[in-house]
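Please look over the sequence and the structure below. A short briefing follows, grouped by topic.

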Amino acid sequence: MILLVLEQTLNGLQLGVMLFLMAAGLTLVFGIMNLVNLAHGSLYMVGAYLATTFVLWTGSYVLGVGLALIGTLLVGVAVEVIALRTLYERDHLDQVLATFGLILFFNELIAVLWGRAALYTRLPGWLSGHVQVLPGVRYPLYRALIIAVGLLVAALLWALVTRTRLGMLIRAGASNRTMVAALGVNVRLLFTVVFGIGAALAGLAGLMAGPIYAVQPGMGEQILIQVFVVIVIGGIGSIRGALVGAIVVGMVDTLGRAFLKPMLATVLSPSAADTAGPAIASMSIYLLMAAVLAVRPQGLFPTEARP
Amino acid sequence: MTSPARRAVAIAAGLTVLALVPVAAALVNQPFYVDLFRRILIFAIAAVSLDVILGYGGMVSFGHAAYLGVGAYAVGVLTHHGVHNGYVQWSFAIVVSALVALAIGAVSVRTSGVYFIMITLAFTQMLYYLGLSIEEYGGDDGMRLAARSQFPGVIDLGNSTAFYYLVLAILVAFLYVGHRLVEARFGMLVRAARSNESRARAVGFSPYPYRLVAFVIAGAMCGVAGALLVNHTEYLTPEFMHWTRSGEIMFMVILGGMGTLVGPVLGAVVLLLLEDVLSAWTAHWQIVLGPVLVIAVLFARRGLVGLLDGGARRIGGSASDRGGEPNGGGARRFGGTPPDA
Amino acid sequence: MPDVALAVAGLYKRFGGLVATNHVSLEVGTGETHAIIGPNGAGKTTLINQLGGSLRPDAGAIRFAGRDITGLSVPARARLGVARSFQITSVFPDFTALDNAALAVQAHAGHSFRFWRPARRDGALAEPARAVLDAVGLGDRAHVRAGDLAHGEQRQLEIALVLATEPRLLLLDEPMAGMGADESQRMIRLLGTLKRRHTIVLVEHDMDAVFALADRISVMVYGRIIATGPPDEIRANPDVLAAYLGEEEAA
């Protein structure tokens, strides 16, 4: 029993870490460029598909995911330059609709190139084993690796934002875009770089997701909406909020799905628990979001409003 | 500028054309067209209901399809449990949609801008997952409707043409009700709050309760569309409330011209006909539709109604200019009630 | 209405390292026109924002007609009779001038949960709206879209919106902003007609307007009020001169 709880907790952390990678990119882009990008999930999808394909072509896992990461970054930058630049000055409604159109386009493009059936990746041997997390506790190596990578990226992001010049520009741009431009910084380039970082993060999440989640058109939107919940809970524009929100959402969702039904079964009849359990579990993160909003409408770590 | 008289004539002409669809279909012996246009009109109703809060209220609800699903499920669930009376079913659909809108609105209408978009999207997805998880009503396979809503002695929904005219009548009724609503004090307040929120508060308006009521009304109207939809398809599925459906409805509103009430009808006709034509041509029609929609948004800001009006501005608070930028540029805030300070 | 319309006590507002409002206290009598002047960056608009309710002070209290309004929201204060005009024109651009005024009237005509009767054909709204437009001189521009009005006309519309709410206290933030000579004279005359009937707090840079209209003047520098008094006193006050003109003049 304890083992089960521990395993699910780690799974929750793993989901949380992946949500963080997505949320960090999305919240960065919104914070700096004031851009609502619904197509962020599409970059995740691109990462997953490229990883699956490149690993197959090159026969090497490491090479494959490396190429996938670069590929997603390039796709992201291309999208930014071609389609998104015109949106920065537009209002949010236009951005929402235009990026929604991009989602339709990408989903269909993927379907044309790869078909609609879900793809499955096999992990290479050296990644398929288990690791000893605690004495007597074994956990899939791959998932543990995801957690490690995610936390490492979180640390790197923190260092980037707080310790580097780029990070300083990011923070400055987040609070006053016009001023940054007035100081002679190449804002266009800054935006492209920031978007590129976001795309890379999404691609990373996508390529890691490949082996454990189904790779199919539309996979981006499923995770995107969870990412929205993370951002609303954490507070838009805040990377710290994204991390806290992501871990919380990851935990609540995973633990809810695993334990709500048996927990309900102790107080309700088995058939009632059978229906109510999965139903409430699937709603759990949204109910959490509603609860947070009722108390703190701007999320847990709201940032200052930007001009 | 298009005078009100000319617009009224154009609208009457359009409705007449729609009224003649079954006649035309009978003449060419293609009853399929009645089905097609009935579906279009049902979505037109949903789009009109969204325009009330989006075009006039500036509330970008990406979760409007939720009420389509709620209305459909209200009817479907009652049918499943043996309640076939149309009056009971449809009243239930309206009440449940209104309550769901009230619950979602109470939490989300307080927020604004990007939060509002994300939150409405999230709640709609929540309902979608809820629908997926309830096996008794079909889960992700959905469920056949055992029988259509019964209105004994009044109308038989099995009669394709009669059903068509019922939908058209409801659409016309909603257009009229919507028109009265947006021109009354209630509508003016909501529109003023969209036009310049800080000025609205400075003259003494507190927008939140009115926005919430508008949100509920729009949800209830869309619930009716849901009840009609499930009767039309005779099939109940959580896909009715998938968030991409919300996006489609929103596109109908924008494409047709938001803040005009009739624009969304035109948008629904054009978008769904376009989908029909494109999907006959290729299974991958969305690869064309996606960019088309993006271009429409970027370059045809006033929608089809705006283009038909000859690009002239209308007096008196249409949203055809997307509400303007009262105090300078930058991305606009909309969609709810911002915090006070 | 009691003798003291507005009483501000120890108002304090800080933005990070900058103290914008540094323990400001002020009293404005009923029917008085009180101007607040000072160099740029003195914190005048921040003060007006706190009086109007769009900014919460960190400390201090604001009393209006004897009632503590420090915690009240903007709409709540507006409904009590506190009306605000903005430095950067803030009207309803998509609506006609008449609609604008009618909306302001509507805000003070009870609740707006009326769903059927067209507001534009409601005499209870249209007549006062028309009257207020005539009063500010926009009578013949009633059907022009507010966004299409000339700048000076939009400023007049701002005043119309203020008046339409039947206010007891007017907070006017640089009503002359961006106006040419003729327009300014018109505006000064218009504001002059409001003097006795309303209590007015006026933030302005235009000294012609200030000295023509003000009963008393307060001078703000770096968030503090350094002098308060009738115009003649202020004109001759060496501290005021120093603040505006620098040490050389005062010496």
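The C-alpha centres of domain 1 and domain 2 of chain C lie 27 Å apart; domain bounds come from an automatic or database domain assignment. This is a predicted model, in which local features need pLDDT of at least 70 and side-chain atom pairs count only at pLDDT 80 or more, while totals for chains, interfaces and linings use all residues. Residues are numbered from 1 along each chain as its sequence is written, and chains are lettered from A and ligands numbered from 1 in the order in which they are written.

**Domains of chain C**
- Domain 1 of chain C covers 1-81 + 169-185 + 195-251, and domain 2 of chain C covers 89-166.
- Seven residues of domain 1 of chain C are in contact with eight residues of domain 2 of chain C (contact: C-beta atoms, placed from the backbone, within 7 Å).

**Helix H5 of chain A**
- Helix H5 of chain A (residues 141-163) has 23 residues and should span 33 Å at 1.5 Å a residue, which agrees with the 32 Å between its end C-alpha atoms.
- Helices (H or I, at least four residues) and strands (E, at least two) are DSSP runs, numbered from the N terminus; the expected span of a helix is 1.5 Å times one less than its number of residues.
- Buried residues of H5(A) are Arg143(A), Ile146(A), Gly150(A), Ala154(A) and Leu157(A) (buried: 20 or more other C-beta atoms within 10 Å of the residue's own, with C-beta atoms placed from the backbone).
- Their cover includes helix H1 (2-33), strand E2 (137-140), helix H8 (187-209) and helix H10 (239-265) of chain A.

**Chains B and C**
- Chain B gives 30 residues to the contact and chain C gives 37 residues.
- On the side of chain B that touches chain C, H7(B) supplies the largest share, six residues.

Key: Two residues are in contact if their C-beta atoms, placed from the backbone, lie within 7 Å. A residue is buried if 20 or more other C-beta atoms lie within 10 Å of its own, exposed if 12 or fewer, and partly exposed in between; C-beta atoms are placed from the backbone.
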